[in-house]
Amino acid sequence: MSALSDNLVTFAILTYLIAMISHAVEYALGNARTRVAVASPARELVGAGVGGGGGVIPAPPAPVPPTVDGAARRARIAGLVAVGATAVAAVLHLAALVTRGLAADRMPWGNMYEFVLTVTFIGVAAWLVVLWKRPSLRKLGLFLTLVMVLLVATAELVLYVPIVPLVPALNSYWFVIHVSTIVFASGIFLLGVVPAVGFLMRGGYEQGKRSFPYTLAKRLPGAAGLERLTFTLHAFAFPIFTFAVIAGAIWAEAAWGRPWGWDPKETWAFISWVVYAGYLHARATPSVKRNVATWIAVLGFLTMLMNLFGVNIFFTGLHSYGGLD
Amino acid sequence: MTVVDDRPEAEAPAPRRRPNRLLALLRNSWRQLTSMRTALILLFLLAVAAIPGSVLPQRGISPEKVNEYFVDHPDWAPRLDRIGAFEVFGSVWFSAIYLLLFTSLIGCITPRLRDHVRALRSRPPVAPKRLARLPQHTVLPAPAGGATAVAEVLRKRRWRVEVRGDEVSAEKGYLKETGNLLFHTSLIAVLIGVALGSWYGWSGNRLLVAGADNAFCNTRQQYAEAKLGPRVDSADLPRFCLRLDDFQARFLDSGQPEFFNATVTVDGPDEPTRRADFSVNSPLRLNDASVYLLGHGYAPVIRYTDRFGRSQTSTTPFLTTGDMGLTSEGLAAFPDANVDPKTGQRAPDQQMAFTGIYLPTAPQQAPFVRSEYPTERNPTLNLVAYRGNLGLDAGIPGSVYQLDQRQVRAGKVKEVGTRLLRKGESWTLDDGTTVEFVGTERYVTLSVRHDPGSTPLLVSCGALLVGLMGSLFGKRRRVFFRVVPADPADGSPTGGSSLMEAGGLPRTDYPGFADEFAQLVTAVNGADGTAERADTDADSSDRAGVREGTE
Ligand code: HEM
């Protein structure tokens, strides 16, 4: 069962890779299309009509060079393949988690490897939900699958540990509550970074910046929508994260006799919480620009990463269940 | 986007007759301090200031690590110490940041609280003259009941409604500001809870060996380390005693612990006498204290029979060295050994001490320095015997767990030999005296604590969460309806009957408002769906953005 789980993780990574490549292809073909379309604006209308009509291709008002239309269709197919592959990868990913949990006979959140695997799964599941509600965001999938490939591969290559049961300190229902909510909130924050970075790039692009990272945003959805999605995801995750930190304090009181002891993990959770609170504040402050606020959100995620990887690796504390010696 | 910011922005000060410079400065500083921008900067500073607390060892958490740091960085450490880098969370600068932040917070929410109470008691405002200017606007045939019927529909949907003649004003979503204020107020309550805990709380750590002789009572002297809050006196500690009756632990084959349970007898004037079990994650809750299980180990029982044939037994806890197999080190000292029973004369140079390593599961072959498993599968004591003046009488405080090395260096204590002893074995020393490894007792390390702030803390955290959700998910919005006489020249399908004009205004960022407005209008209209959607859609730009991306 344990070996099965490991294999499933590998397959999931490969499938994410396929999804990422398909997204990249869609991107590239999309670019080719716009290049032509810029020359003749009428054709862009046709291109948009293809999707709007749900696959029904309206009669072109003027003869369209087949290459252009073909590129658009192929871009769309690549995009759909990418979404399909992401969904398949998510299923494999979930299966890997379930088999791991069955093999260990507990929730699969006992060490850093399992933790990263679960957080990324939440991220991708939430992405599929977002995509279902707002299909127009599909092109963000390139960033999302990139993040998935990187994190899941890091988990498998660097963080992997064989299955062991929990030490008594982790054997508490507060552990389940605390860790499940932390994992959930982290997954949503992880997903939140994708539109945040997308917004920062697209916002620059819309302001006329045409240097390297901004040009990547040419095919992204509008900046305002990305910004709103960033906020929605963070506003959703923040109370869950707050609850998780409180649950952690309740658990720490039972296990170690104090709710809060400024252990490195606790300190970084505090830092993340304060930074995210800063993001919500900044966004509600009219005099703070939206891209400054969004940078704070990105910074918040960096502090989460620091807590996830940095603290387990560099510091020793009571939360030393990282699984790396 | 039509977000109407209705935060009480600092109003321009009313012109005064003689502006007092100092007063003006104070007022300005206060306004600065209580602005959102300052709050943002302070939040950021707070996050940054916490970082050294995780990078550098902290006295409150690991004093040994701080000492190590001093040894490793003799030049840096004192300088860092001077700025409080080893006690970040109690340092002046960290406190300054959060105290400023909380001052800002109080200054920020007090006027908002006042305004909010006022808003809650006031009525929805008069409808603006030109509803068409609002982000949501539509015209529909007036329902039969006119304004009263509209008000009825709105009230059913839990809007606050005010009817003024042919006009209806309604408002909803006070929850947002209520939640926001509750959230920020709870932050203050959390701080108060923490302060209560540190003023009125106390804690002590101690090691407790199993057995009736080793019971301890909750007094300050009986703790190895005790911390009493500034408002707690030693006499305030609740009176109870604890005796460890049994300790059980189970381990996996890998040596990883799986289960612990300590059984104790509690007794004392402030506690009913009883037996109780507790464990990691489920502390023993007493009336005014909780007892937490932090660690465990073995205390070897060593019997020494001196030259006069008198035996003494020592049961001293050996401290674990942190490995999986519970290898432990300790000292058994017999300062009263070799006292002549006839004369009662002490021979100060004939005191005995044994240092040693205890291996619950010794390996089959040498070196016998590391235990292979945490339970006693092959309990072995690796002893070194010392004879001489242990220096215990000199009044120099020394650790009970370590031989005073100064005496060894001074040649006052001499090593007599080393020997490996299994359980039950004894060893005859060069002078004919014997030492026997009788067995072991279990011991546990405990933390006994009382934190009167924990309940207020829990309650305020709950309120904080509720407030946060109200604040993040609540939406403030207003709608207005006005019955207007139909314009006969209009030629509209409703003919000469009267029309109703409706307008809506989201007062906070609220993408779904257009939909809600449309639904509301439909409901008001008797659900016949003739209401046309106005183009001045609050999110028109945004929705277009979404559509644009759709393929
Ligand atoms: C102790 C530090 C503080 C923390 C952790 C904190 C946290 C937060 C959080 C998480 C929010 C988002 C919830 C929401 O959108 O309503 C928020 C909102 C808000 N905070 Fe604070 N805050 C703090 C101090 C302050 C201070 C000092 C002020 C006043 C200057 C303030 C004024 C506000 C306002 C006006 C909002 C509402 C924003 C909106 O319109 O949504 N906060 N705060």
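Two exercises with worked solutions follow.

This is a predicted model, in which local features need pLDDT of at least 70, side-chain atom pairs count only at pLDDT 80 or more, and totals for chains, interfaces and linings use all residues. Residues are numbered from 1 along each chain as its sequence is written, chains are lettered from A in the order in which they are written, and side-chain values use heavy atoms, with hydrogens and water left out.

**Exercise 1.** Describe how helix 4 of chain A and helix 6 of chain A pack.

Step 1. Helix 4 covers residues 112-133 of chain A and helix 6 covers residues 173-206 of chain A, helices being DSSP runs (H or I, at least four residues).

Step 2. Their axes, 7 Å apart, form an angle of about 55°; angles run from 0 to 180 degrees between N-to-C directions.

Step 3. Angles under 35 degrees count as roughly parallel, over 145 as roughly antiparallel, 65 to 115 as roughly perpendicular and the rest as oblique, and helix 4 and helix 6 of chain A are therefore oblique to each other.

**Exercise 2.** Compare the annotated spans of chain B with their helix content.

Step 1. The unreviewed UniProt entry annotates residues 92-113, 181-202 and 457-474 of chain B as "transmembrane region", and such annotations may be inferred rather than shown by experiment.

Step 2. Residues 92-113 of chain B are 100% helix and 0% strand, with end C-alpha atoms 31 Å apart.

Step 3. For residues 181-202 of chain B, the end C-alpha atoms lie 33 Å apart, and the span is 91% helix and 5% strand, strands being DSSP runs (E, at least two residues).
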